Amino acid sequence: AYDLNNVLRAINTYLENGTYYLVDFSQSMYDASSGEGVIYTLDANNTSTVDLDYKMITSLNNIWSNKTAVSAHYNATTTYKYFENTFGRHSINGQGGNIISLINVANEDGSSMENAFWNGKAAFYGNGGSAFYPLAGALDVTAHELGHGVVSNTANLEYQGQSGAINETYADIFGAMVDRNDWLIGEDVTKSAFSPSGALRNMS
């Protein structure tokens, strides 16, 4: 399916009772006995974390026109594989836990959220606005947010002051290592009206 950058991506989906789900059970971290180790991509239906109302993303024919969903799903899988292949890490938590992405996340007032974040359990992606395109469109943003998940499950650096700065730095390094096309962070989702360079940061 095509992602937000109009690149054709191969994604893994799950078929049950005639319906395809944007769920990946195929990775080596999956444990059939516990049902853990699954990559989920969910639709937050333009709700916020305060009143979160999410649903599974489905298709009746395994054709996926939701480019935001395709991007989030592909980027989560690519990031998972980086941590597995580079560090032998068994999912984000190191114990084969599920990897969950939520798209179409809004601000508390219902307006479009121009941000992406990790809340300790999942990665959340807003649809942007004047400063950003949909945040799920950037592989380095996904790697950054899931990188926060790795940090929180290892060093658990407190998110303030110098430890918070180190936390952000590691997340950016992971972003640059997973998305190796350049040293820029967020170049696929940043509008030049917000940042003339067309990126959030330059890791070079």
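This is a short chat about the predicted model shown above.

Q: How many helices and strands does the protein chain have?
A: The protein chain has three helices and eleven strands.

Q: And what pattern do they follow along the sequence?
A: Read along the sequence, the pattern is β-β-β-β-β-β-α-β-β-β-α-α-β-β. The radius of gyration of the protein chain is 16 Å, close to the 17 Å from the globule rule for 204 residues, so the chain is as compact as a globular protein of that length.

Q: What does the C-alpha trace span along its principal axes?
A: About 50 × 35 × 35 Å.

Q: How much of the chain counts as buried?
A: Of the 204 residues, 44% count as buried. The protein chain exposes about 10,000 Å², and carbon and sulfur atoms supply 47% of that area.

Q: Switching to Glu187, where is it found?
A: Glu187 is in the loop between β10 (184-185) and β11 (201-202).

Q: Is Glu187 buried or exposed?
A: Glu187 is buried, yet it has no salt bridge. The nearest side chain of opposite charge is Arg201, 9.8 Å away.

Q: What is Glu187 in contact with, leaving aside neighbours within four places in sequence?
A: Asp140, Asp179, Asp182, Gly198 and Ala199.

Q: Now the surface. Which residues form a nonpolar patch there?
A: Ile166, Tyr170 and Ile173 form one, with about 260 Å² of accessible area together.

Q: Where is Ile173 placed, then?
A: Ile173 is in helix α3, residues 161-178. With a relative accessible area of 35%, Ile173 is partly exposed.

Definitions and conventions
Residues numbered from 1 in each chain as written. Predicted model: local features only at pLDDT ≥ 70, side-chain atom pairs only at ≥ 80, totals over all residues. Heavy atoms only, no water. Patch = residues over 30% accessible without salt bridge, like charges linked within 9 Å, V, L, I, M, F, W, Y side chains within 5 Å. Areas by Shrake-Rupley, 256 points an atom, 1.4 Å probe, with all protein chains shown as cover. Salt bridge = Lys/Arg side-chain N within 4 Å of Asp/Glu carboxyl O. Helix = DSSP H or I, 4+ residues; strand = E, 2+ residues; numbered from the N terminus. Buried < 20%, exposed > 50% of the residue type's maximum accessible area, 1.4 Å probe, protein only. Lys, Arg positive; Asp, Glu negative; His and termini not counted. Contact = heavy atoms within 4.5 Å. Rg over C-alpha atoms; globule rule 2.2 N^0.38 Å.
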